[in-house]
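Me: I'm new to this one and would like to go through it with you. Could we start with the open spaces and then move on to how the helices pack?

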Amino acid sequence: MSYNLQVTIDKSSGFCFGVVYAIEMAEDILANEGSLYCLGDIVHNDEEVERLTNMGLKIIDHEVLKTLKNEKVLIRAHGEAPSTYMLALENNLTLIDASCPVVLKLQNRIKNSHDDEEQILIFGKHGHAEVIGLQGQTDGKAIVFQDLAELDHVELPSKFTLYSQTTKSVDKFYHIKDQLLSRGYEVKANDTICRQVSNRYQELENFVSNYNKIVFVSGKKSSNGKVLYDVCKKYNENSYFISNVEELDKNWFAAHDKVGICGATSTPMWLMEKVKSALEQY
């Protein structure tokens, strides 16, 4: 039996401008030169990484970077710590810097705060590439935390400056700020969350309520994917998280379902199109 699903892709889903910029830079160089090193996954999406790897992109980590000399290396949208730029000078590496402008602006603000000898707290994911780059602006002195409970065991000064990873939830950031103020701290809070990301929450909320089922497509490593999937689930409990077409399950659907497809800021549109085609075969 054919399900005749009506499938729609969310127009506001897909790459943010920072990711588009990095991928276009990589594609241009690969088209001309056939190979390029990239420091870390260019985007937190295995399918897109595989597509670019097939074009000649070589993903390396910081250990491999130390061994390279006289090569071209792409810095992805997440940005890098100052130590990476120092190493590039020492090893005569040409850095193709595709750091997102929103991240660069934030790095700069954190560096200025650090230079002014302010104690800095960063609301962000431990070990995330962007957060490592941000912490690097402070010589590793910034305190990084993922949730408030982590700060219960930290001796904080009475006054500090609060920043956020660019892809965190705006609501959570302001909740944290209010909680810290209520504990008597003097908090200078800087909302440095990317509006292109945070606007997606509102757009998704409006989108998912129009469908019987939602298929959310994202890489498992994407922080932003986890946050956006939670938004889908909150406003439409029939939401399913997949990373690729193989993870679709026909049992999720019923005949004539209206199905909405959406994704993270690191989910390529071609992958969502592929999911749409698979669903239309049902």
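Reply: Gladly, and please keep in mind that this is a predicted model. The largest pocket holds about 670 Å³ of space.

Me: Which elements give two or more residues to the lining of that largest pocket?

Reply: Three helices do so, namely H7, which covers residues 170-182, H8, which covers 195-208, and H9, which covers 223-235. Of these, H9 provides the largest share of the lining, with 7 residues.

Me: And how many residues line the largest pocket, and which lie nearest its centre?

Reply: The lining of the largest pocket is made up of 24 residues, and those nearest the centre are Lys168, Ser169, Lys172, Tyr201 and Val227.

Me: What does the lining look like by class?

Reply: Sorted by class, the largest pocket is lined by 9 charged, 8 nonpolar and 7 polar residues.

Me: Which residues lie nearest the centre of the largest cavity?

Reply: They are Cys16, Val19, His78, Thr167 and Thr265, which belong to a lining of 24 residues. Helix H1, spanning residues 17-33, gives two or more residues to this lining, as do H5, H8 and H9. The most comes from H1, which gives 3 residues.

Me: How does the lining of the largest cavity divide into nonpolar, polar and charged?

Reply: For the largest cavity, the lining residues divide into 12 polar, 11 nonpolar and 1 charged.

Me: Switching to packing: at what angle do H5 and H6 pack?

Reply: Helix H5, residues 101-115, packs against helix H6, residues 129-136, at an angle of about 30°, and their axes are 8 Å apart.

Me: Why do H5 and H6 count as roughly parallel?

Reply: Their angle is about 30°, and angles under 35 degrees count as roughly parallel, so H5 and H6 are roughly parallel to each other. The crossing in which H5 passes H6 is right-handed.

Me: Which residues make the contact?

Reply: From H5 the contact uses Val103, Leu106, Gln107 and Ile110, while H6 contributes Glu130, Gly133 and Leu134. By class, the contact of H5 with H6 comprises 4 nonpolar, 2 polar and 1 charged residues.

Note on methods. Residues are numbered from 1 along each chain as its sequence is written. This is a predicted model: local features need pLDDT of at least 70, side-chain atom pairs count only at pLDDT 80 or more; totals for chains, interfaces and linings use all residues. Side-chain values use heavy atoms; hydrogens and water are left out. On a 1 Å grid over the protein atoms alone, a cavity is a set of points where a 1.4 Å probe fits but cannot get out, and a pocket is an open set with protein on both sides within 12 Å along at least five of seven lines; lining residues have an atom within 4 Å of a point. Grid points are joined across faces, edges and corners, and a volume is the space filled by probe spheres set on the points. Helices (H or I, at least four residues) and strands (E, at least two) are DSSP runs, numbered from the N terminus. Ala, Val, Leu, Ile, Met, Phe, Trp, Tyr, Cys and Pro count as nonpolar, Asp, Glu, Lys and Arg as charged, and the others, Gly among them, as polar. Axes are lines fitted to C-alpha atoms, for helices over the stretch in contact, and angles run from 0 to 180 degrees between N-to-C directions. Angles under 35 degrees count as roughly parallel, over 145 as roughly antiparallel, 65 to 115 as roughly perpendicular and the rest as oblique. A crossing is left-handed if the near helix is turned anticlockwise from the far one by less than a right angle, and right-handed if clockwise. Contact means heavy atoms within 4.5 Å.
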